[in-house]
Structures are given as structure tokens and as C-alpha cells.
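Take a look at the model first, and then we'll walk through some charged pairs, the strands and the cores.

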Amino acid sequence: MRLILLSGGAGKRLWPLSNTNRPKQFLPVLRHEGKAESMLQRVCRQLSDAGLAEALLFSASLGQRELIQGQVGDLAPILEEPERRDTFPAISLASAYLHSKEGCGPDEIVGVMPVDGYAEDSFFQALGKLPGVLADTGADLALLGVAPDSPADKFGYIVTQQPAGADGSLRVRAFVEKPSAARAQTLIDEGALWNCGVFVFRLGFLLGGLKQRGLPADYDELLGMYKLLPRQSFDIEVVERTKRIVAVPYQGRWKDIGTWNSLSEEMEQQVSGSGYVCPDSSGSRIVNELDIPVGVWRVPNIVVAAGPDGILVTDREASTGIKDMVDQVEITPRFKETGWGRKTVLTARHAGETESVTNRAVISAGRFIGYHEHGRRKEIWIVIAGAGEACIDGQTFPVEAGSVVVVEPGMKHALLAYSDLELIELQIGLKIEDSDIIRYAAPWMAKEGKGEEQNHEVPARR
């Protein structure tokens with residue numbers, strides 16, 4: 001089975017830690033064997049443990065390539081959407097890629113799942129059985145449906161009909177999108193399942209659907225007309241219009257971590273980061289990415305989330321409604337996770353004709369900021385922790401805590417970390433913008449006989 005992993009999101013539901021630069025699936029707020037883990041890393045680990053990571057393909061929003069590579073390495077090819085247009089265009093483009101670039105035929109089994117679900121390991125074992133169900137039933141689509149544990153009004157429901165087949169699958173009769181709690185309870189009593197967005201199909205089924213819509217099955221052609229594709233979910237555009245569908249019930253635990261309340265339920269500790277929750281504050285949680293401590297004193301059942309983009313204090317149960325508030329208070333994201341590490345904007349000022357930006361950057365051990373130059377700005381690096389190597393116009397030299405490096409406009413420069421390298425970076429120029437950059441092959445990659453860097457990682461220091 002070829003498995004398409006959907007990674008999108010606008011980064012508003014877990015504000016202020018999530019933003020457009022780092023949607024919720026990249027937040028390292030979960031734990032595994034005592035180490036921090038993001039939702040993306042958890043899902044990829046579970047897929048690997050279930051033997052389903054051999055043929056993955058990421059379908060990601062524009063700008064997520066470095067984020068994915070930084071967290072899971074070169075696990076699978078990454079397709080970035082030219083623009084955000086919902087799941088039907090994203091899945092169609094990924095399917096066209098499998099057909100045109102990977103040589104997959106019409107009988108190839110393709111699975112789709114989001115990377116931000118939270119489930120037990122048995123969920124992935126159930127996913128691995130869907131191709132067999134598709135073959136046995138002759139259906140066009142096979143869905144994995146979760147047996148509900150409450151009449152939740154935030155999920156879609158799969159309405160099934162008895163009896164079940166020998167493989168446990170059920171014919172799908174209808175879909176109901178986010179019903180009221182009362183209506184949801186009625187559906188549950190009738191045997192309905194939560195729609196968790198996980199399904200499989202034969203590649204020829206989707207390619208045939210593209211042809212019926214007058215759309216090409218060739219990847220390059222579809223990519224060129226991507227902005228013309230309907231901005232629609234796959235559920236509405238395809239699933240709800242398909243007649244031959246079966247669903248396989250999953251009886252284990254699954255949830256959508258889309259609110260601070262649902263996330264806090266999975267936190268092993270009351271405090272992530274620097275902070276303290278007093279014993280009289282039962283149910284309260286702190287998630288803090290700042291260097292200053294956060295305290296909660298005798299206030300139960302709240303979440304305090306603090307990061308470079310802001311501070312949120314919310315009642316846990318009411319946290320589902322923060323999205324509208326975020327539209328009013330969010331700022332240009334100050335935190336960015338990249339393939340080489342992470343960067344936080346400390347200050348951004350404009351004085352007369354001169355702009356200045358001060359960043360705090362951490363380059364992960366063994367990784368580097370690629371070789372490049374800027375034409376309209378000067379940079380000053382002040383190393384405050386760690387050790388590494390700088391390259392300025394072809395000359396390399398070591399850097400460590402206390403080192404100061406001045407990079408004038410037009411100078412080629414790169415920076416490699418032997419250990420985690422932390423620095424303050426001051427950018428000064430008439431106009432500071434991302435487009436002011438010319439990239440070159442990194443000197444360390446050239447020594448290894450490689451071309452332009454892809455994952456910002458080099459072999460261990462000799």
C-alpha cells in the first residue's frame with residue numbers, strides 16, 4: 001500500500017505555539033520513552049512499528065518541507081502544494097505523482113491519513129487490513145471508522161448498515177457532518193462511526209474520477225493548473241458521491257488533538273517547560289516555550305500556553321473557541337522551525353531608511369545554515385553557546401561561545417554546528433526580506449562530493 005500522509009493546517013487551533021510556520025502537528029508536546037515528540041513524529045514512529053512506512057508520500061502545505069525533514073529526516077518524498085486548496089486537490093496531486101513519477105498502475109492500493117491524529121498502536125494494525133477489505137468486498141473505497149465513546153459534535157459520522165461481512169466490514173449508507181450532540185447520540189445508537197479521515201482506494205478509481213472531471217492524470221499538467229482545482233474537501237468531492245463504500249470499525253482509542261483541552265489530556269506532566277502548578281490548581285496545565293517561568297496559583301482547570309507569539313490563558317473546556325480570538329490578536333509569527341534548527345525573532349525595528357531584525361537561533365548538532373549571500377543587508381553573529389565552524393567567502397574557521405562574526409553585504413557565508421550552536425543574529429539593511437538571497441553548494445557538502453544541500457545535515461565531525 002502506498003500511503004499518502006496529509007500535513008496541512010493554518011496553525012490557529014493551538015495558538016500561540018502553533019502558527020502558519022509551525023502548525024500543531026509539529027509541536028513537540030507529547031512524550032515517548034521520556035523524550036519530547038510531535039504528533040508527526042508519533043504517527044511516523046507508529047507506522048514504522050506497524051510495518052507501514054515502506055512506501056510513504058507526504059502531501060504538505062507550502063513551506064513545510066524543511067519542517068518535515070527536520071523532524072523525520074528523509075523518510076519519504078514530500079510534495080508541497082503550490083497553494084492551500086483543501087484535501088481533494090492535495091490527494092489528487094499526490095495520486096497523479098504516484099502515477100506519473102512512481103509508475104504506479106491502476107490496481108495500486110493507495111491509503112490516505114492525516115498526520116495529526118492520536119491513536120493507539122492497534123489503530124495502525126487496523127489500517128494495514130484495509131487493502132484486504134477493499135479486495136474482498138470489491139468496493140471503491142474502504143474507510144476506517146472509529147467506534148464513538150461520546151456523542152461528540154465536532155466529528156463527521158459514518159452511517160453504516162448491518163450485517164457485517166466476514167471481514168468485519170460494513171456497507172456505508174450515508175454521512176452526517178458534525179451533528180448536534182442529541183443527533184449524534186441517535187446515530188451512535190444506530191451503529192454510526194466517527195469519520196477519522198483514513199481510507200484506501202485503487203489508484204485507477206481516483207484517476208478515473210479526475211478524467212470524468214476533465215482533469216489530467218499527469219502530475220506536471222495537474223500541478224500547472226492546481227489553482228483551478230475546486231477548493232473542496234475529499235469527503236465532499238469524492239467520498240460522499242461514491243456508492244460502493246465499506247467501513248471497518250475500530251474499537252480502540254482515537255482522538256483529534258485539535259484543542260488545548262484535548263492536548264492537555266495526553267500530557268504526562270502538568271508542566272512542559274519552565275513553570276509550577278500548585279496542588280490547589282487541579283486539572284491545570286502549563287506549556288511554556290519561553291525562558292521565563294510561568295506559575296498557576298489556585299486556579300483549577302485552565303491551560304496556560306506561552307511562546308514567542310503570545311501567551312494564552314484559557315479554561316480547558318472553553319478552549320475550543322479560541323480560533324476567533326486568534327484572528328484578532330495574532331501577529332506575524334516570531335518562531336520558525338527549519339531543517340537546520342529553530343529561530344525566534346526577538347526584535348524588529350524600522351528607523352528612518354534602515355531596518356533591523358534581531359534573531360535568536362539554535363543550529364542543531366551536525367546541521368548547518370547553507371552557503372548563501374545577501375545583497376542588501378549586513379549580519380552580525382554573536383555565538384553564546386556551543387561550537388561549530390563558519391565559512392566566509394571560502395575561508396573556514398572555528399566558532400564558539402564569545403565568537404563574533406561580521407558578514408557584510410555580498411559575502412558568501414555558512415555556519416555548521418558541531419554541538420547545538422546558539423547565537424544572536426543581528427540583521428541590518430535598507431530592506432530585510434526573504435527574497436534577498438543567492439544560494440550556493442555548502443562547502444562541507446562539496447568536501448563529501450555532494451551538490452546543493454537538501455537536508456542541512458553533514459557527517460559527524462572528523
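Let's start with E102, which counts as partly exposed at 33% relative accessibility (buried means under 20% relative accessible area, exposed over 50%, and partly exposed in between, with a 1.4 Å probe and protein chains only). Keep in mind that this is a predicted model, where local features need pLDDT of at least 70, side-chain atom pairs count only at pLDDT 80 or more, and totals for chains, interfaces and linings use all residues. Residues are numbered from 1 along each chain as its sequence is written, and side-chain values use heavy atoms, with hydrogens and water left out.

**Salt bridges**

- Side chains of opposite charge can pair when their charged atoms come close.
- A salt bridge here is a side-chain nitrogen of Lys or Arg within 4 Å of a carboxyl oxygen of Asp or Glu, and by this rule the count comes to 23.
- E102 has R2 as a salt-bridge partner, at 3.7 Å from N to O. This pair links distant parts of the chain, 100 residues apart: E102 is in the loop between α3 (87-100) and β6 (109-114), while R2 is in strand β1 (residues 2-7). (Helices are DSSP runs of H or I with at least four residues, strands are runs of E with at least two, and both are numbered from the N terminus.)
- R2 is partly exposed too, with a relative accessible area of 21%.
- R22 and E289 make another salt bridge, with their closest N and O atoms 2.8 Å apart. R22 sits in the loop between β1 and β2 (30-32) and E289 in the loop between β16 (285-288) and β17 (294-296), so this pair ties together parts that are 267 residues apart in sequence.
- Is R22 buried or exposed? R22 is buried, at 2% relative accessible area, whereas E289 is partly exposed at 30%.
- E237 and R213 form a salt bridge as well, and their closest N and O atoms are 2.9 Å apart. Because E237 lies in helix α9 (residues 234-237) and R213 in the loop between α7 (203-212) and α8 (219-224), the pair ties together parts 24 residues apart in sequence.
- In that pair, E237 is buried with a relative accessible area of 9%, and R213 is partly exposed with 31%.
- There's also a network of salt bridges that links R13, K24, D116 and D256.

**Strands around β6**

- Strands of a sheet pair through backbone hydrogen bonds, either parallel or antiparallel. Two strands pair if DSSP finds at least two bridges between them.
- β6 is mostly covered, with five of its six residues buried.
- β1 and β6 run parallel and are joined by five bridges; L3 has G111 in β6 as its bridge partner.
- β6 also pairs with strand β11 (residues 193-202), this time in the antiparallel sense over four bridges.

**Nonpolar cores**

- A nonpolar core is a set of buried Ala, Val, Leu, Ile, Met, Phe, Trp, Tyr and Cys residues joined through side-chain atoms within 4.5 Å.
- Which residues touch the most other members of the largest core? They are L47, M113 and F123, out of 47 residues.
- Apart from this core lies another of 36 residues, with L79, V172, L206 and L229 among them.
- Leaving out residues up to four places away in sequence, M113 touches a list of residues including L3, V43, L47, F123 and V198 (contact means heavy atoms within 4.5 Å).

**Helix α1**

- Eight of the 11 residues in helix α1 (residues 39-49) are buried, so it's mostly covered. Among the buried ones are M39, V43, C44 and L47.
- After α1 comes G51, whose phi is positive, near 75°.

**The open sheet**

- Six strands form an open sheet in the order β20-β21-β22-β29-β24-β27, with antiparallel pairing.
- β20 (335-337) and β27 (404-407) stand at the edges with a single partner strand each, so one side of each has no neighbour in the sheet.
- β20 pairs with strand β21 (residues 341-351) over three bridges in the antiparallel sense, and K336 stands opposite K343 in β21.

**Domains**

- The protein chain is divided into domain 1 (2-256), domain 2 (260-319) and domain 3 (340-439), with bounds that come from an automatic or database domain assignment.
- The centres of domain 2 and domain 3, taken over C-alpha atoms, are separated by 33 Å.
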